[in-house]
Amino acid sequence: MASANNRQILLKSRPNGRPSADNFELVERPAPEPGDGQVLLRTLYLSLDPYMRGRMNDAKSYAKPAELGQPMVGGTVSELVASRNAKFAVGDIVLAYAGWQDYALSDGGGLRKLDAKAAPLTTALGILGMPGMTAYCGLLEIGQPKPGETVVVAAASGAVGSAVGQIARIKGARAIGVAGGAAKCRFVVEELGFDACIDHRAPDLAAQLAAACPNGVDVYFENVGGAVQQAVWPLLNDFARVPVCGVIAQYNATGSSPGPDIATILRKRLLVRGFIVWDFAAKQGDFLRDMAAWIREGKVKYREDFVAGLETAPQAFLGLLEGKNFGKLVVKVAP
Ligand SMILES: NC(=O)c1ccc[n+]([C@@H]2O[C@H](COP(=O)([O-])OP(=O)(O)OC[C@H]3O[C@@H](n4cnc5c(N)ncnc54)[C@H](OP(=O)(O)O)[C@@H]3O)[C@@H](O)[C@H]2O)c1
């Protein structure tokens with residue numbers, strides 16, 4: 001393997017505000033050799049996710065920043081191409097965290113073997129992976145939708161939001177999506193079965209949302225913040241729940257952003273709770289059981305958005321922050 005070429009996309013500099021292609025650098029190095037107890041992984045698929053924007057900053061957060069001069073971090077579906085670890089064999093396919101590169105070493109810690117016959121491999125990065133589990137746990141543990149209630153979720157055609165609305169429907173609630181553009185909104189209603197979907201670029205977003213939620217909003221699954229949050233907030237019912245999952249509209253902000261009205265939290269006795277998916281690690285078994293069954297039964301559908309080639313990752317990631325992806329964004333790395 002010493003002769004194999006390892007393309008890596010490094011974090012070259014930290015962005016101030018909106019990131020650009022200049023923050024990344026593509027380099028080529030020889031693939032490393034596994035030592036005792038190690039395996040060599042070849043990336044088949046790389047997941048691109050909004051949290052990576054936060055890792056580009058040198059800021060205190062729930063996870064360490066990505067290191068300058070090192071490959072960008074990221075979840076992967078990888079194939080073992082060499083093994084000096086008795087638990088893994090050449091040819092095993094695993095869920096790994098190998099980052100933006102063709103090859104990576106691992107001591108086997110944190111690798112999960114995948115079975116291509118059980119589910120398409122890329123679902124481990126999306127609907128049956130971290131984003132699907134985020135939707136499942138955030139909605140069911142914090143949102144707790146009841147039959148007949150109204151659940152609103154933004155980024156509704158994306159990896160997390162698409163699952164949130166479909167699970168809300170399974171639980172007997174009304175699901176109202178918010179998404180960017182007519183094509184995404186049509187998909188959310190016609191393919192995913194949401195009750196309605198509003199384009200967040202519409203000048204009368206607040207009025208359209210109010211019309212779609214005549215009984216107010218019982219669960220607002222917060223994925224974006226910004227203008228969508230401000231349009232939903234006045235519609236919240238007393239005792240509404242707000243799982244705060246992400247604020248992608250604010251990830252590139254350099255100053256302070258307008259936030260929720262704290263007095264409303266008090267007056268309406270809202271339950272607002274931020275969460276990181278791994279707070280619910282103990283629920284992973286329930287999630288995998290339920291989500292796999294819902295997919296089999298046709299109750300949950302998912303959409304993936306593939307780009308080809310490791311070198312396309314920076315542009316595809318920048319597009320994700322602007323809504324250019326349509327579904328779970330995955331880079332097909334190996335030809
Ligand atoms: N707490 C956790 O553990 C956790 C785990 C996973 C994800 N998350 C968060 O969940 C959210 C969704 O993630 P995802 O993986 O499902 O990504 P995604 O929806 O597949 O992609 C991101 C989408 O965000 C939307 N967006 C971007 N800028 C926006 C803006 N200014 N206003 C409204 N929408 C905007 C775009 O869709 P449109 O074209 O529809 O605008 C874009 O396609 C993110 O905030 C992410 O950080 C949190």
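Let me begin at the ligand: one of its oxygen atoms lies 2.7 Å from an N or O atom in the side chain of Lys-184, a polar contact in the sense of a pair of N or O atoms within 3.5 Å. Taken alone, the ligand exposes 910 Å², of which the protein buries 91%; accessible areas come from the Shrake-Rupley method with a 1.4 Å probe.

Please note that this is a predicted model, in which local features need pLDDT of at least 70 and side-chain atom pairs count only at pLDDT 80 or more, while totals for chains, interfaces and linings use all residues. Residues are numbered from 1 along each chain as its sequence is written, and side-chain values use heavy atoms, with hydrogens and water left out.

Backbone atoms also take part. A ligand oxygen is 2.7 Å from a polar backbone atom of Gly-180, and a ligand oxygen is 2.8 Å from a polar backbone atom of Asn-223.

With a disulfide defined as two cysteine sulfur atoms within 2.5 Å, the count is zero. For Cys-213, the nearest cysteine sulfur, that of Cys-197, is 11 Å away. Cys-213 is buried, at 3% relative accessible area, where buried means under 20%.

Terms used:
A polar contact is a pair of N or O atoms within 3.5 Å; within protein, one must be able to donate a hydrogen and the other to accept it, and residues adjacent in sequence count only if both atoms are side-chain atoms. Buried means under 20% relative accessible area, exposed over 50%, partly exposed in between (1.4 Å probe, protein chains only).
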